[in-house]
Amino acid sequence: MAAVKQTVEHVASLEKYKHGFVSDIEQDFAPKGLNADIVRFISAKKDEPQWMLDWRLDAFERWLAMDEPDWAKVNFPRIDYQDSYYYAAPKEKVGPKSLDEVDPDILEVYKKLGIPLREQEVLAGVEGAPRYAVDAVFDSVSVVTTFKKELAQVGVIFCSMSEAIREHPELVKQYLGSVVPVSDNYFACLNAAVFSDGSFVYVPPGVRCPMELSTYFRINAENSGQFERTLIIADKGSYVSYLEGCTAPMRDENQLHAAVVELVTMDDAEIKYSTVQNWYPGDPETGKGGIYNFVTKRADCRGDRSKVSWTQVETGSSITWKYPSCILRGEGSSGEFYSIAITNGRQQADTGTKMIHLGANTRSRIISKGISAGKSSNTYRGLVSAHPKAKGARNFTQCDSLLIGKHCAAHTVPYIEARNGQSKFEHEATTTRLSEDQLFYAMQRGLSQEEAVQLLVNGFVKDVLQELPMEFAVEAQKLVAISLEGSVG
Amino acid sequence: MSLATALRTRDVTELPGKRDEAWRWTDLRGLIRVLPAPSERFEGDVGQGPFDRLADDHHVLVNGGEARIDVAAGKKALAVLRLVSRGAGAHASRVTVNLAAGARLRLLESYESDGASLAQTTLVIMLAEGAVLERIVLAQDHEDAVSVSQADVLLAPTADFGQTVVASGSRRQRIETVVAHPGGRASVRLDGVYLLDGKRHSDHTTVVTHTGVDGVTNQLVKGVVRDQARGVFQGRIVVNEGADRTDARMGHHAQLLSDRAEVDAKPELEIYADDVSCAHGNTVGAMDEDALFYARQRGIPEAEARAMLTEAFIGQVIDRIWFEAARRVLRTWAGKRLRG
């Protein structure tokens, strides 16, 4: 009967977005709006050195001169950048803190979300269960980072960005903005001016990071934007796997999440970056509320034979607009992009990747699975390009779209630019609906329509789910089911 | 923003450039700083066109002008349409093709130029119910010419439209076909071949919008690019809400035969209906070395082996032409180009 009970619970939990609660936590806000003083305020709040403030102010100046881009296949009312808080942080005690000093209300939030912040809780699981270190970002600041000591023993630096600016300025100076330049695009530039926190990872040469690293982002405060910045550097011959997850309360107004993620890999290094994005998608009927997820993610494979693998499961956000990319500079470097993007209700997603082949014998692989249901719109947009020097570049792209319902839309917009005669690019794409025959077969075997759809959808996205770290794969599979709830029949 | 407007108003800022999404790989604005003077009337002999011998009904526009081809209900026709540019001036042409219900037309169209001309051609093609049109285009422009051809095709249900464009490129060459597809068992084939060398550029752009149920679109474009030439393919298939049971296939395959050649492709699907079957495939790469090795091992000299393999590669597109005589002309033309 366990299965029955589980189904009942499952169905009950499907009723609405289950991470949509608001926590009443005392918070510090910057005054509403955006100007140079706010940038100074954020920098001062974080006790930043002068060089960091100058960097921010320079970014802000440039941002003022830029225009908001409008080329994506998404529609939304103009964002009023003055009607938002750019800094919101839980009120905290001064001085260095241990987990015991963290506001119990915040710990409660993470407990509710199922994120283990206490190291012993992580360890208390089944023997042999994989462990992972967590950096928890609450609105604008990182509240706690776990397993720091253990990681430090092998030389891995895993901390919040603010801490990295204080403790490891030389690394931050060297790499920050080197993959995504300050004025790369409108939202990245805004992020450079007002970014509040995020994770910083440095893996020294030859080290295989002993556990999965993860960041959990939570937007809580009303009318606030989240602008985090993540920087991961994998030095020669190292390996790290990094996961990020995100949720937000249900609100009627839209909130902006404009993050920047920069990855750098040296010779023979590898970074595996997985995202399970479940921001509040807005009201499925009216489309009111939800997060605008405008994120710039880019990896620079600087070293020879280095590798970056992006895996993303995008189920939330009212609007998703992001293209995790790889610049394949090092000889024989490779990039991978595995994506599941699901839109339901009135969600809009314009997502994909860019694989820029600059070095010889570089390889890339793109597997994108888009599912649109309800009245949503789902676009795959990708670029694969080979520079004249990228002899022997190789790309394989497969992007499939699945349509569920009469009023949804699915688009595929690949750009292929081949600039030398020794590269080989292959691209294939299909757009179909769930096969009636397969549905019939599954239902004939005794599955309900809902279960049959889930089975087929899971089969459709299998190629990508396989790429996720174990513990996330299970989560993601459930998330896929939840996101499509109510889309059939 | 269009070349037609720029020519009419004589305003270079009206030219489309790489900042316009649809022209990102065919930048006219960056290329043309000053519009050439309007072309003068040409009274001389323009010589033979590539399809002259296949038909008696000839429509020849030299340095611009207008033409109209009508086919009455249930009638069959075969027509040659030549768009000729002489000299280095700028001009625009306008052609209307109208097929009444059940009419059938084979249209043999060619673009011919002999210098640095700037030519724009607008075609409006209308097919009533049950009409069948096969449009065969050979664009053999001069390497210094800039030529843009834009066809608007309006189909009625049950009409059948087949098109094959064969192009050798020019300084900038664009052949654009926009099809309003009503579904209702109307069928569209939009094929293309580009064979480019030197510094030539050729752009195949197509947009097919399915607005009703039961539409079929089939597209196969292949290209071979040598030297520093650049091939561009932009294909878009749109399926509007309600245009169920649409079956659309798009394929673009290109061979790059030199290190400095370039191919840019954007095969797009824009789908707003769920009961559809749409797919596209795109490959870009070098010639198959194994096939080349096999041919050479059989004693075929390398140059001939390459020409033979390329001929076979593009032959798949030429073979889809319905009109056999035109197929022969194009096969011969391609063979000469590949061995020239």
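The model is predicted. At the interface, 33 residues of chain A are in contact with 32 residues of chain B. On the side of chain B that touches chain A, the elements giving two or more residues are strand 16 (262-271) and strand 17 (276-285) of chain B. By class, this side of chain B consists of 14 nonpolar, 11 charged and 7 polar residues.

Strand pairing also crosses from one chain to the other: strand 17 of chain B pairs with strand 24 (residues 424-433) of chain A in the antiparallel sense. Within this pairing, T283(B) in strand 17 of chain B is the bridge partner of E426(A).

Attention now turns to strand 11 (residues 260-265) of chain A, which is mostly covered, with 6 of its 6 residues buried. The cover extends to both faces of strand 11 of chain A. V260(A), E262(A) and V264(A) are buried on one side, and V261(A), L263(A) and T265(A) are buried on the other.

Strand 11 of chain A pairs in the parallel sense with strand 8 (residues 229-234) of chain A, and also in the parallel sense with strand 13 (residues 290-301) of chain A. In strand 13 of chain A, D300(A) is the bridge partner of V264(A).

| Strands | Sense | Bridges |
|---|---|---|
| Strand 24 of chain A and strand 17 of chain B | antiparallel | 8 bridges |
| Strand 8 of chain A and strand 11 of chain A | parallel | 6 bridges |
| Strand 11 of chain A and strand 13 of chain A | parallel | 6 bridges |

Methods: Residues numbered from 1 in each chain as written. Chains lettered and ligands numbered in written order. Predicted model: local features only at pLDDT ≥ 70, side-chain atom pairs only at ≥ 80, totals over all residues. Contact = placed C-beta atoms within 7 Å. Helix = DSSP H or I, 4+ residues; strand = E, 2+ residues; numbered from the N terminus. Nonpolar A, V, L, I, M, F, W, Y, C, P; charged D, E, K, R; others polar. Pairing = 2+ DSSP bridges. Buried ≥ 20, exposed ≤ 12 C-beta atoms within 10 Å, placed from the backbone.
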